[in-house]
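These are my notebook entries on one protein chain. I set down what I looked up, in the order in which I looked.

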Amino acid sequence: MHEVILHGPLSAYHDGPIKISGKTIAEVIEGVTRQLPGFQPHPVHGHQRIQIVGVNTIEDLYKVLEEDTTIHIVP
């Protein structure tokens with residue numbers, strides 16, 4: 001189980017850390033998107049623009065995560 005921490009204005013979408021499972025950061029972000037209405041794509045405004053701390057390339061999104069990884073998401 002991983003922990004996702006939302007920073008800045010994103011923290012208004014969920015009180016405290018989010019516990020979620022997934023093999024990769026991409027899977028974890030997809031799970032967060034499905035659970036939090038504020039992260040779902042908006043028909044007019046599109047997707048949320050976020051940065052995942054420590055993720056610099058698309059390939060990083062698909063690396064297998066170690067157990068109990070903490071993921072920080074910033075706007």
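Helices (H or I, at least four residues) and strands (E, at least two) are DSSP runs, numbered from the N terminus.

I note that the model is predicted: local features need pLDDT of at least 70, side-chain atom pairs count only at pLDDT 80 or more, and totals for chains, interfaces and linings use all residues. Residues are numbered from 1 along each chain as its sequence is written, and side-chain values use heavy atoms, with hydrogens and water left out.

**Entry on strand pairing.** I next looked up the partners of strand 1; two strands pair if DSSP finds at least two bridges between them. Strand 1 and strand 2 run antiparallel and are joined by three bridges, with His2 opposite Ile20 of strand 2. Strand 1 and strand 4 run parallel and are joined by four bridges; here Ile5 stands opposite His72 of strand 4.

**Entry on the core.** Which residues touch the most other members of the largest nonpolar core? I found Val4, Leu6, Ile71 and Ile73, in a core of 16 residues. Strand 1 (2-6), strand 2 (18-20), helix 1 (25-35) and strand 4 (70-74) each give two or more residues to this core. Helix 1 supplies its largest share, four residues. A nonpolar core is a set of buried Ala, Val, Leu, Ile, Met, Phe, Trp, Tyr and Cys residues joined through side-chain atoms within 4.5 Å. Buried means under 20% relative accessible area, exposed over 50%, and partly exposed in between (1.4 Å probe, protein chains only). In soluble globular proteins, nonpolar side chains tend to be buried together.

I then listed the contacts (heavy atoms within 4.5 Å) of Leu6. Beyond its neighbours within four places in sequence, Leu6 meets Ser11, Tyr13, His14, Ile18, Leu36, Phe39 and Ile73.

**Entry on salt bridges.** How many salt bridges are there? I recorded three, each being a side-chain nitrogen of Lys or Arg within 4 Å of a carboxyl oxygen of Asp or Glu.

- Glu3 pairs with Lys19, the closest N and O atoms being 3.5 Å apart. Glu3 is in strand 1 and Lys19 in strand 2, 16 residues apart, and the pair links distant parts of the chain. Lys19 is exposed, at 55% relative accessible area.
- Glu30 and Arg34 meet at 2.5 Å, N to O. Both lie in helix 1, four residues apart, about one turn of the helix. Glu30 is partly exposed at 40%, whereas Arg34 is exposed at 62%.
- Lys63 pairs with Asp60, the closest N and O atoms being 3.1 Å apart.

**Entry on Asp60.** Is Asp60 buried or exposed? I found Asp60 buried, with a relative accessible area of 16%. Asp60 belongs to helix 2 (residues 58-61). A polar atom of the Asp60 side chain lies 2.9 Å from the backbone nitrogen of Asn56. Not counting residues up to four places away in sequence, Asp60 touches Ile25, Gly54 and Val55.

**Entry on the whole chain.** Of the 75 residues, 28% are buried. Among contacts between residues at least 6 apart in sequence, 53% join residues at least 24 apart.

Conventions:
Polar contact = N/O pair within 3.5 Å; in protein donor to acceptor, adjacent residues only side chain to side chain.
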